[in-house]
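Work through the exercises below with the structure open. Try each task before reading its solution.

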Amino acid sequence: MIIEKKLLKQDSVEKLFAKLKADGRRILAPKAQGDEIFFEQVASASEMAKDYIQTTLSPKGAVFPRVEALFRYQMEGKDVKIENNSEPQPTVIFGLRPCDAASFAILNSVFSWDYQDSQFKSRLAQTAAITVSCSRADEYCFCTSVGGSPGDTKGSDILLTRIGSGDYLAEILTEKGKAMVTLAPELFAEAPSEDKEKYLAKVPVKFDLKKLTEKLPEAFNNNELWMEQSLRCLGCGACAFVCPACVCFDIQDESKRESGVRLRCWDSCGFSLFTAHTSGHNPRPVQSQRWRQRVMHKFSYFNDRQKYLGCVGCGRCSRKCPADMNLLEHLKAIAEAR
Amino acid sequence: MSEPNIYQPFLMRIDKITEEAPLVKTFKLVFVNDEEGKKFQFKAGQFGEYSVFGEGECTLCIASPPTRPGYIECTFRQAGRVTGALAGKEEGEIIGFRGPYGNTFPLEQWQGKNLLFIAGGIALPPLRCVIWNALDLRDRFKEITVIYGARSVADLVYKQELEEWAKRGDLKILTTVDPGGETPDWKGEIGFVPAVLEKADPICENTVALVCGPPIMIKLTLPVLAKLGFSPENTFTTLENRMKCGIGKCGHCMVGKYFVCKDGPVFTLAQLNQLPPEY
Amino acid sequence: MEELRKKARELLTSGAVKVIIGYGPGSGKRVRAVFVRKPEQADLLICDDRCLQNLAVYLTKPEVKALGKAAVVARLPTLRAILQLAAENQLTDGQVVALGISPEGKMTELSQFKAIEEFLAGFSFELSAEEKATLEKLDQMTPEQRWQFWQEQFAKCVRCYGCRASCPLCYCEKCLAECNQPQWIPAASHQIGNLDWHIIRAMHLANRCVNCGDCSRACPVGIPLHLLNQKLAEEVFKQFGARSGMKAAQEYALCNWKLEDRENFIK
Amino acid sequence: MSEFEPKIVAFVCNWCTYAGADLTGTSRIKYASNVRMIRLPCTGRIDFMLLLKAFEQGADGIIVSGCHPNDCHYTAGNFHARRRWMMFRSLLDFLGIDTRRIHFAWVSAAEGAKWAEFVNSVTDQVRKLGPNEQYQKLSQAGVE
Amino acid sequence: MARIGVFICHCGENIAGTVDVFKVAEAAGKFPGVVHSVEYKYMCSDPGQTMIKDAIKEKKLTGVVVAACSPRMHEPTFRRACAEAGLNPFLCEMANIREHCSWVHEKGEATTQKAIELIRIMVEKVKRNKPLYSIKVPVTKTALVLGGGIAGIQAALDIANAGHQVILVERSPSIGGHMLQLSETFPTLDCSQCILTPRMVEVAQHPKITLYTYSELESLDGFIGNFKARIRRKARGVDEKLCTGCGVCIQKCPQKKIPSEFDAGMGKRTAIYVPCPQSVPNQPVIDREHCTYYIKGKCKICEKFCERKAIRLDQQDEIIEVNVGAVVAATGFDILHSKDFPEYGYGKYPDVIDGLQFERLASASGPTLGAIKRPSDGKEPETVVFIACAGSRDDAKGIPYCSKICCMYTAKHAMLYKHKVHNGKAYVFYMDIRAGGKNYEEFVRRAIEEDGAVYLRGRVSRIYEEDGKLIVKGVDTLLGAQPVEIKADMVVLATAIVANQDAESLAQKLRVSYDPYHFLSEAHPKLRPVETNTAGIFLAGACQAPKDIPEAVAQASGAAAKVAGLFSSSELSREPVIAVVNRLPPPVFSTCTGCFLCEKACPYQAIEREEIKDRKGNVIKVVAKVNPGLCQGCGTCVALCRVKAIDLQGFTNEQVYCELMAL
């Protein structure tokens with residue numbers, strides 16, 4: 001559903017940033033900190049990291065911050081005054097990958113499947129994604145196995161693909177994207193008649209998704225499988241926190257004397273106490289069950305309930321796992337099991 | 001933001017506090033904002049997120065029946081950070097409440113049926129809601145039987161209501177305490193709930209059974225019910241998984257693909273048998 | 001490496017141990033922890049300079065414990081971790097066989113704590129020149145610069161607790177971070193929460209950290225957490241002459257004292 | 001313009017410093033009223049986390065005081081504390097936290113005058129340092 | 001359910017004069033959880049306490065904060081009042097707005113504000129207080145008395161006569177202490193030894209008293225009711241069971257020129273010796289430092305002559321362990337030594353002596369058999385100068401305090417001298433005469449008026465020798481600071497009373513506090529003068545402060561009464577401020593991870609290991625457990641515990657945390 005195709009000169013990015021900022025938007029773009037790359041607010045395009053396959057953290061924090069106030073309150077004598085957050089600032093995420101862009105729909109499916117999470121929705125509504133398609137991939141990437149691709153347009157407002165000249169082929173995909181173009185029409189030139197495909201990374205399909213989703217419900221009871229896969233799992237939350245589609249959260253109060261805030265914080269189903277009752281009873285007492293929950297949730301439950309897969313194949317979880325839990329490898333094993 | 005904040009609780013004033021048992025209290029809560037109170041509706045079996053500002057939220061069922069509008073009640077045992085803070089609250093103080101959440105007991109479908117309630121310890125509150133609901137609409141149901149047990153006489157909750165129910169002629173009530181938990185003047189049964197149930201031998205025809213209690217009690221009661229002829233479809237219970245959001249988002253309460261907070265907390269035994277053992 | 005595989009086969013065949021915790025092939029060029037339970041799988045084992053993870057972390061995991069007596073491929077920090085765990089009552093002598101790997105890659109079977117102690121006695125545990133230089137660089141900054149440095153680092157922290165999970169000495173069943181009565185450490189990964197968490201973790205590891213560096217390697221956002229632990233380890237050594245994990249009956253410097261301990265900071 | 005008045009939190013042991021501060025009172029020796037005292041049985045009980053929390057609660061300065069070496073009512077609590085503070089201070093310093101805001105002292109039950117002098121000197125020093133901006137800036141940072 | 005009552009005391013003007021108590025009461029009434037906030041003139045008074053009790057009942061209070069003086073002063077008072085009203089006493093806390101606020105700050109807004117905040121802190125604490133119940137511990141009904149001077153003797157006899165076992169430990173070979181050295185005692189001039197020795201014999205013969213002389217306390221562990229003392233019995237070299245005290249060994253000992261400690265150096269003794277003929281026990285010890293056998297490896301004359309074969313030259317020190325329930329420290333005093341008086345030539349001129357030496361000269365059993373002879377040449381001194389306050393009340397000597405007994409004994413000395421040397425001249429230099437005691441002033445007047453001692457008010461600046469005379473230079477301030485010079489034959493210094501050299505190390509062994517001069521500290525200067533801050537350890541005599549005999553005896557009897565009170569029941573209630581390791585339902589059992597670092601840190605060895613077993617008896621885990629009898633509640637383990645599985649009742653993590661949150 002491409003509205004139009006344009007050419008964005010590489011040196012126009014800086015100008016585009018200026019226009020976006022002038023429009024009152026904050027720009028989040030990949031910025032290097034040591035060996036790691038984070039989406040951070042940038043003042044200039046020159047601050048951006050030059051070359052990367054994937055950022056360390058996904059851009060989900062823009063719509064689902066790792067710590068956000070649900071509301072603030074003030075005790076006045078015995079009365080309580082509640083104050084909701086103000087409207088979030090319009091934000092442009094620049095330089096995210098197509099897999100990341102695809103994750104917004106997954107997050108949205110959770111936050112609006114039944115009860116409508118207004119805070120998430122307004123953050124999402126205020127966020128525009130200028131995605132840059134992938135020219136490189138590594139062995140952890142498997143977007144093509146889960147319905148995505150290095151040049152996929154899902155979830156992006158504008159998709160940029162760097163072509164031979166170093167300039168970007170810009171696909172304006174949504175009204176939001178169009179609105180950004182309207183801010184600086186002069187920067188968007190006529191698109192050349194180039195096929196973006198040849199500039200995209202090649203990501204082979206690694207497993208049969210259909211087979212996997214079919215086999216998973218049955219695999220649930222295969223304790224040995226989960227145990228074998230997860231013996232080395234250390235039970236940290238790194239995979240969940242770098243994941244663009246993980247949405248589990250915790251609600252925490254913090255207060256200082258009479259005033260306080262109710263916070264929503266990222267949580268991970270891999271933590272041993274994620275399901276623990278106050279009584280000490282824990283429905284998922286061992287790590288293999290928590291690993292199973294992670295896999296089942298993403299590839300079976302999500303599918304069933306939200307009609308989305310809970311994974312975009314970005315590979316971050318496997319790249320960052322301190323114990324080298326390779327999700328792709330384990331999915332393959334399940335999909336190919338007889 | 002155009003839509004309301006689903007995490008923003010109603011402000012509730014603690015109207016009355018009843019000490020039920022050691023560390024167990026019941027709060028009667030009224031809406032600070034009358035308008036909200038008038039609009040508020042719920043059904044038996046539903047729960048809410050109760051919050052102490054500065055400490056956090058905890059999940060508790062609504063223990064009062066929907067037939068008595070204008071207030072809600074919750075009964076809790078002081079255990080963690082939030083229930084501990086709740087216990088420190090005074091009449092007149094304000095706490096937060098979000099809800100009602102979750103599914104309900106299908107009371108409409110139970111018209112003309114016998115109701116058998118089986119509860120243990122601190123798990124009576126969800127059933128108490130249904131019991132009062134049924135009593136308030138007494139003519140819709142046939143026989144109502146309550147079997148309730150606790151470790152000791154002191155641990156029984158709703159002591160006054162138990163007496164009140166015992167005095168009513170329109171329901172049969174059996175209260176029991178574990179052997180050794182009786183007091184000298186204890187007039188109820190002595191023994192574990194499954195045994196009392198078996199002895200009571202309720203009829204299973206046209207009867208639904210509602211069971212709530214500690215895991216061990218449930219585990220031992222279900223076979224007795226089966227023996228008595230209750231089908232899994234007619235046996236109901238509630239699950240109490242750890243919850244944070246209560247509205248099917250945070251992921252904490254998942255049992256298999258189900259959210260206890262959305263698809264539960266009320267399940268039939270038939271449904272439970274289909275669930276993975278993650279509760 | 002052949003030596004190691006041979007020993008592993010031997011141990012498994014004889015039934016001396018039920019599982020060898022070692023390094024095996026991982027994703028791409030990585031290696032990962034493997035749990036070899038059959039003699040014929042012993043060829044999976046790898047031992048080269050990619051093998052850095054402190055495998056002692058698995059010795060306190062219930063699932064791994066359930067596999068039976070283990071032999072663990074152990075570089076020096078792993079050996080120290082074993083002794084430190086022993087000192088903290090988490091391992092008993094004879095419960096684990098260490099397949100000690102010297103920095104040159106030579107393997108020695110160490111089945112008693114005493115043997116590990118003697119083995120370790122042959123090495124120096126001073127920080128390398130490079131490590132010292134890094135610490136010094138930070139020490140030479142002004143406090144404001146150091147504050148800036150660490151605040152930038154901690155701002156990245158998402159509280160995945162990878163540092164904790166990968167640490168062989170973080171074996172507490174319910175970490176203080178999960179205690180909420182009172183909530184000493186805010187659960188949220190905001191600046192205060194992160195600062196608290198990293199200060200408290202560093203304090204808890206003072207004179208316990210075995211300098212394996214796994215916390216930093218595990219950190220998905222690249223915080224050099226090991227520097228905090230190294231700093232305190234150096235301080236403990238300087239002040240009290242103690243190094244962690246050198247003896248199975250190790251004394252813990254912070255539950256010990258000497259009359260002449262330094263107190264020039266006390267009025 | 002009124003001068004900045006720092007908030008000082010003092011963690012003291014029950015047997016020496018608390019009693020010493022009582023003696024300051026009985027001797028009617030005046031000192032700065034900025035200090036709020038938290039009484040604990042022994043310096044050994046003073047968890048380093050308490051100090052962190054005090055800063056988070058807006059303390060501009062912290063005092064930790066107990067019995068002189070060998071005077072501990074519980075024999076060795078102050079010795080344990082001394083080692084703990086040594087490590088804690090060095091960690092805070094390494095993190096760039098201003099250790100000039102944390103002061104340690106031994107004040108015995110007989111040193112009422114020393115307590116007054118110590119409180120005054122800490123208050124003066126912290127007043128010169130100004131508000132604890134490091135921590136003030138942290139508050140709410142990272143919450144969206 | 002928090003229903004806190006706040007009670008603010010005016011303490012007359014002590015608090016209300018500086019703090020706006022009305023404003024404080026109003027502010028406190030608004031704190032969350034506070035349902036009652038009042039102020040009153042004197043909360044500790046009967047009507048004040050009644051107010052608290054009434055409010056507890058009427059308002060159904062669940063916690064009480066009394067904002068008044070230091071909890072060290074009145075916490076027990078208010079806790080008792082709460083208990084009487086049916087509230088667990090540990091639900092009462094005090095906010096110290098007097099010692100820590102009104103007395104130390106100027107009147108003003110900031111001070112009132114501080115009082116409000118101090119109360120808020122305690123309100124937040126008390127909300128988290130839990131009812132606590134006293135801990136019962138068994139009591140070993142044996143007392144350990146340290147020191148066999150008059151105070152120790154009195155305490156031992158009183159306790160023993162009350163029917164309890166006593167172990168009396170004396171460092172020197174005989175009991176009796178300094179009193180045994182005295183010639184006569186003021187103000188009655190009765191013979192010291194005559195009144196003391198019967199008591200000493202009574203001690204030796206008492207069936208309930210075990211006497212260990214020539215012994216010292218090595219260490220003390222445990223706690224009230226349950227101490228374990230290790231006592232070093234120094235090698236006497238003599239088998240006490242065999243020795244009859246015949247004294248042949250002493251007569252035969254070739255070493256005869258050793259200065260006698262008992263005679264304060266005025267007389268000599270042998271290497272095997274008893275301090276004095278009245279010694280109890282009357283059994284000699286061998287002074288190994290001076291004994292020929294130990295110096296040269298041969299001699300053994302004593303062994304040869306001892307008919308009972310009681311000499312044990314190879315005897316070693318022996319450490320015995322005893323279990324006791326209470327300890328009375330009656331270790332006495334020392335006097336300031338010669339090196340401290342260069343200006344008086346003390347130590348340089350043999351005729352400048354101290355008070356104790358004069359006592360020995362004057363004593364009928366002393367080296368001169370009671371004749372006053374000066375040490376240098378044995379001549380009877382014609383002029384004697386007595387200098388009071390030699391060191392006492394002298395900042396330059398580091399002794400600002402008054403030694404209390406010198407005025408009296410100096411008068412006694414002057415009197416004794418005049419009684420023995422009728423035409424002698426006695427001059428007394430003094431600063432003030434402090435004779436506050438029954439018949440004391442009269443005694444001093446007698447010395448001046450009847451016995452003609454010349455009292456000169458002023459200090460002596462210097463003493464030097466000239467032509468065989470001691471020239472005493474001083475001033476008489478009553479004559480307008482006129483210089484005075486006296487040619488004396490002997491000078492007696494009333495040297496200051498100081499704590500024993502090892503008083504500090506003793507205090508550390510006993511874990512009791514001590515003052516800057518190393519006198520042991522009482523728990524309260526007025527109301528608990530015989531107790532120490534360490535429960536079960538009591539004080540008697542001059543180890544606490546300079547005292548005369550009747551005071552020492554009185555305090556000893558007081559300490560004995562306290563011990564007898566403690567021993568009056570076989571169980572003792574202790575404050576429940578102790579550490580506890582949490583226990584939770586399965587599958588957690590306890591958050592303790594069993595690292596046992598706490599075990600090593602505990603100064604009382606109160607941490608034990610508990611195995612948690614499943615139904616089949618398999619050990620699931622090993623966790624820490626606190627022995628409530630041993631724990632003293634320091635909380636070092638709590639600070640050390642990483643997971644906070646261990647907590648200190650009364651000062652729990654939650655309480656302290658919430659105190660901080662109230663800042």
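**Exercise 1. Find the neighbours of Val491(E), leaving out residues up to four places away in sequence.**

Solution. This is a predicted model, so treat each contact as computed. Two residues are in contact if their C-beta atoms, placed from the backbone, lie within 7 Å. The largest nonpolar core has 574 residues. Val491(E) is among those with the most contacts inside that core, along with Val72(C), Ile82(C), Ala67(E), Ile119(E) and Val328(E). In soluble globular proteins, nonpolar side chains tend to be buried together.

**Exercise 2. Describe the side of chain E that touches chain D.**

Solution. Start with the count. On chain E, 39 residues are in contact with 39 residues of chain D. Then ask which helices contribute. Helix H4 (98-102), helix H5 (109-127), helix H17 (636-640) and helix H18 (653-661) of chain E each supply at least two residues. H5(E) gives the most, with six residues. Finish with the classes. This side of chain E has 19 nonpolar, eleven polar and nine charged residues.

**Exercise 3. List the buried residues of H18(E) and say what covers them.**

Solution. First, the list. The buried residues of H18(E) are Asn653(E), Gln655(E), Val656(E), Tyr657(E), Glu659(E) and Leu660(E). Second, the cover. From chain D it includes strand E2 (35-40) and helix H2 (48-56). From chain E it includes H5 and strand E34 (646-648).

**Exercise 4. Is strand E12 (residues 259-266) of chain A enclosed or open, and why?**

Solution. Count the buried residues. Seven of the eight residues of E12(A) are buried, so the strand is largely enclosed by the rest of the structure. Now look at its partners. Strand E4 (residues 67-76) of chain A pairs with E12(A) in the antiparallel sense over seven bridges. In that pairing, Val67(A) stands opposite Cys265(A). Strand E11 (residues 249-256) of chain A also runs antiparallel to E12(A), joined by eight bridges. Here Gln252(A) stands opposite Leu263(A). Last, check the link. E11(A) and E12(A) form a hairpin with two residues between them. Arg257(A), in the turn, has a positive phi of about 55°.

**Exercise 5. Trace how the two domains of chain B meet.**

Solution. Take the bounds from the domain assignment: domain 1 is 10-101 and domain 2 is 107-238. The C-alpha centres of these domains of chain B lie 24 Å apart. Across the boundary, 15 residues of domain 1 of chain B are in contact with 17 residues of domain 2 of chain B. On the domain 1 side, strand E1 (10-21) and strand E5 (72-77) of chain B each supply at least two residues. The residues on that side divide into nine nonpolar, four polar and two charged.

**Exercise 6. What radius of gyration would a compact globule with the residue count of chain B have, and what does chain B have?**

Solution. With 279 residues, a compact globule would have a radius of gyration near 19 Å. Chain B has 18 Å, which agrees. Then the burial: buried residues make up 52% of the 279 residues. Consider the contacts in chain B between residues at least 6 apart in sequence; 70% of them join residues at least 24 apart. The secondary structure of chain B comes to eight helices and 15 strands.

Terms used. Residues numbered from 1 in each chain as written. Chains lettered and ligands numbered in written order. Predicted model: local features only at pLDDT ≥ 70, side-chain atom pairs only at ≥ 80, totals over all residues. Domains from an automatic or database assignment. Helix = DSSP H or I, 4+ residues; strand = E, 2+ residues; numbered from the N terminus. Nonpolar A, V, L, I, M, F, W, Y, C, P; charged D, E, K, R; others polar. Rg over C-alpha atoms; globule rule 2.2 N^0.38 Å. Buried ≥ 20, exposed ≤ 12 C-beta atoms within 10 Å, placed from the backbone. Core = buried A, V, L, I, M, F, W, Y, C linked by C-beta atoms within 7 Å. Pairing = 2+ DSSP bridges.
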